[in-house]
Structures are given as structure tokens and as C-alpha cells.
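User: Good morning. I have a structure to study for class, and I would like to go through it with you. Could we start with the charges and rings?

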Amino acid sequence: MKQIGLVGFNSENFKSLQRKYKNLNFVKLNKLNSKNLKDLIALVAFDFEKINKFLISRSYTKLKNLKWVHVPIAGVDKYSHLFDDMKFILTCGKRINDLNVAEHCLALILFLSRQLKFVKNKNDNRKNKRPIEINQKKALIIGYGGIGKKISFLLKEMGTEIDAIKLHRNKQKSKYINNFFLIKDLKKIVFQYDIIIISIALTSLTKGIINYEVFSKLNKHVILVNVSRSDIINEDDFSNFLQSEKYYGVGVDVLRSNKLKKYFNSKDKNLIYSSHTAGLTDNFSRRLALIDKNLSKFDLGKTLINKVNYIKGY
């Protein structure tokens with residue numbers, strides 16, 4: 001019987017899966033070590049921290065029978081240096097957090113546009129302290145995957161005019177997007193926009209694409225929001241941009257560098273850093289539904305959903 005380790009599942013969900021999949025032998029795991037994993041052919045995680053340590057430590061190299069590992073996050077770029085070692089199928093939580101990340105993005109935009117950081121400061125002496133509307137503003141979404149699509153839906157409802165940049169040329173159409181562009185067009189068009197949103201996946205092709213050449217062309221009243229990985233942005237160029245204050249507001253969800261945090265800690269700049277919380281939600285139904293579908297496919301020997309392409313990096 002196929003033995004599958006379940007990591008981070010509560011008793012109710014564990015028993016529910018046991019009842020549903022009679023052909024699968026589930027093992028509830030609190031700790032991941034070579035002794036209790038040696039007979040597993042699959043490892044499915046609801047808990048990120050434990051599976052993350054397992055992968056980072058390369059403990060999987062000791063498991064000769066392992067065929068499939070599922071991680072509950074979308075950002076598998078952090079494991080790209082390990083892909084050559086992975087002799088199993090890796091699936092991820094891509095798409096399940098699209099809605100909450102999109103809502104988070106909108107929250108950052110509104111926090112900046114309404115200047116909520118300063119509402120309690122009666123001694124506010126800044127020049128540009130009047131809130132702005134995002135209605136009829138022009139926005140560019142860099143990265144039109146699942147998150148980008150949800151962001152475009154929310155912004156369109158706010159009356160924003162939206163263009164988007166895609167990784168690849170195709171005939172994709174959207175009632176929310178006026179114009180589609182490719183990454184190569186970014187430096188030519190970026191000056192046009194009041195709001196720039198970065199939601200593109202981090203790969204070898206997108207690392208550092210937001211750099212001095214882009215920053216130097218931005219509208220000096222731009223709102224810039226990044227809900228993707230911090231490495232999409234060149235750190236030194238970003239630091240110089242923040243110091244220049246040639247922007248209306250900047251919001252980021254992820255910062256790797258303490259060097260940059262000093263700017264976001266400033267009390268008199270329209271900046272916000274949300275400490276990598278865009279993916280958090282009180283709704284776990286989408287995560288469970290994805291796992292359920294993949295368990296069914298695994299049981300039947302079918303292709304799994306959200307299978308990571310080790311060559312593309314996502």
C-alpha cells in the first residue's frame with residue numbers, strides 16, 4: 001500500500017483523508033527525520049516550516065522511494081539551487097493565494113494613496129500630504145499570472161486604467177487590461193504610469209529587472225508596490241531610489257536587506273513594508289482543496305496539479 005506522510009494536518013483533516021482514500025496509507029508526521037520517512041513514497045505538507053527545513057537540509061536525498069513532495073507555498077524559487085538533486089515530483093501552492101495577495105496589494109496601494117501613515121500626525125509638515133484617488137489613474141501590472149489577474153479585477157472595479165507586462169508573447173486577452181506588453185518593453189513605457197505593481201515570478205530572467213534604468217524613468221509621483229520577491233528589484237538601485245524621494249509612495253511585502261528597512265522605518269516618508277504577510281489568510285479551504293485533488297490524481301496515477309518545472313524555475 002502506498003504510504004504518504006502528511007505534515008501539519010490537524011486530526012479532523014487527517015481522518016477525513018483516511019476515510020476518503022482507502023488505497024492510501026497515511027502517516028501523520030510531527031517530526032521529519034530519516035527513520036520515520038524511509039518507507040514514504042510521498043510527503044504532503046500543510047505546514048511550511050517543517051517541509052522547508054526538510055528540503056533545505058536536503059534530507060530527501062536519503063529517501064530512495066520518494067516520488068512526490070508537496071509544499072504549501074507558491075514561491076519555490078528558494079529551492080532552485082536544489083532542483084538538480086530532486087529526483088521526485090515537486091508540487092506547490094501556486095494560485096491558492098492569488099486572491100489574498102491581490103487584496104493585500106490593493107491594501108498597500110490604498111494605504112499609500114490615502115496617506116494613512118500620517119493621519120494621526122497633527123504636526124505633519126510634508127509638502128505632498130493630500131491623498132489621491134486611484135480612480136482614472138494609469139496602472140501597470142508587471143507579471144500577469146494568477147495574482148496579476150486578480151489585481152487587475154480589483155483595480156478595474158476602482159476605475160483604474162490598466163496595462164500589463166507578460167513573460168511570454170501569446171494571444172491572451174482580458175477585459176480588465178487595455179494593453180499587453182513584454183518585459184523588453186518595460187523601459188520604454190514605464191514613465192506613463194501613476195501606479196506600478198510588481199507581481200512577476202522570480203526566475204533567472206526576472207531577477208533584478210527593476211533597476212536604475214527603470215527607476216530613472218518612473219513618474220516622480222508614482223506609487224510603486226511589490227508583492228513579489230525582493231530580488232526582482234536591484235537592491236542598490238532601489239536604495240538610491242528611496243533616498244531620492246522621487247515617488248508618491250512605495251509599498252513592499254518582502255525585504256531581504258536590513259539596509260533598506262531603515263527607509264521604511266522612517267516616520268516622515270510615505271513608505272510601507274508589510275513583513276511578508278501578503279500570503280496569510282484565515283481561509284485554508286483552497287489549500288486543502290488543492291491537496292485533495294492531487295491526492296486523487298496521485299492515487300490514480302494521473303498528472304499532478306502545480307507540478308514545478310525545474311527548468312523554468314516555477
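User: Which ring does the charged end of R287 sit over?

Analyst: This is a predicted model. In it, the charged end of R287 sits over the ring of F46, 4.9 Å from the ring's centre.

User: And what does K166 lie over?

Analyst: K166 lies over the face of F180, at 4.7 Å from the ring centre.

User: Now to rings with rings. How many aromatic pairs are there in the whole structure?

Analyst: A search of the whole structure finds 14 aromatic pairs. One of them is formed by W68 and F298. This pair is tilted, with 5.0 Å from centre to centre and 40 degrees between the planes.

User: Where do W68 and F298 lie?

Analyst: W68 lies in strand β4 (residues 68-70), while F298 lies in helix α10 (residues 285-300), so the pair ties together parts that are 230 residues apart in sequence.

User: Are W68 and F298 buried or exposed?

Analyst: W68 has a relative accessible area of 1% and is buried. F298 is buried as well, with a relative accessible area of 13%.

User: What about F241 and Y247, what kind of pair do they form?

Analyst: F241 and Y247 form a tilted aromatic pair, at 5.3 Å centre to centre and with 50 degrees between the planes. F241 counts as buried at 5% relative accessibility, and Y247 is buried with a relative accessible area of 9%.

User: Which aromatic cluster includes F241 and Y247?

Analyst: Those residues belong to one aromatic cluster formed by F215, F238, F241, Y247, F264 and Y273.

User: Let us change topic to the sheets. What is the order of the sheet of five strands?

Analyst: The order is β2-β1-β3-β4-β5, in an open sheet with parallel pairing. At its edges are β2 (24-29) and β5 (89-91), each of which pairs on one side only. On average, neighbouring strands of this sheet are turned by 20 degrees against each other, direction ignored.

User: How many bridges join β1 to β3?

Analyst: Strand β1 (residues 2-7) and strand β3 (residues 42-45) run parallel and are joined by four bridges. L6, for example, has V44 in β3 as its bridge partner.

User: Which strands does α10 lie across?

Analyst: Helix α10 lies across β1, β2, β3, β4 and β5, and it runs at about 175 degrees to β4.

User: How many bridges does β10 form with β9 and with β11?

Analyst: Four bridges join β9 to β10, and β10 also pairs with β11 over four bridges. I195 stands opposite I223 in β10, and V225 stands opposite G251 in β11.

User: What joins β11 to β12?

Analyst: Three bridges join strand β11 (residues 249-252) to β12, and the two run parallel. V250 stands opposite L271 in β12.

User: What is D236 joined to by a polar contact?

Analyst: The side chains of D236 and K259 are joined by a polar contact of 3.0 Å. D236 counts as partly exposed, at 43% relative accessibility.

Key. Residues numbered from 1 in each chain as written. Predicted model: local features only at pLDDT ≥ 70, side-chain atom pairs only at ≥ 80, totals over all residues. Heavy atoms only, no water. Phe/Tyr/Trp six-rings, centres within 6.5 Å; stacked < 30°, edge-to-face > 60°. Buried < 20%, exposed > 50% of the residue type's maximum accessible area, 1.4 Å probe, protein only. Lys NZ or Arg CZ within 6 Å of the ring centre and 35° of its normal. Pairing = 2+ DSSP bridges. Axes fitted to C-alpha atoms, helices over the stretch in contact; angles between N-to-C directions. Contact = heavy atoms within 4.5 Å. Polar contact = N/O pair within 3.5 Å; in protein donor to acceptor, adjacent residues only side chain to side chain.
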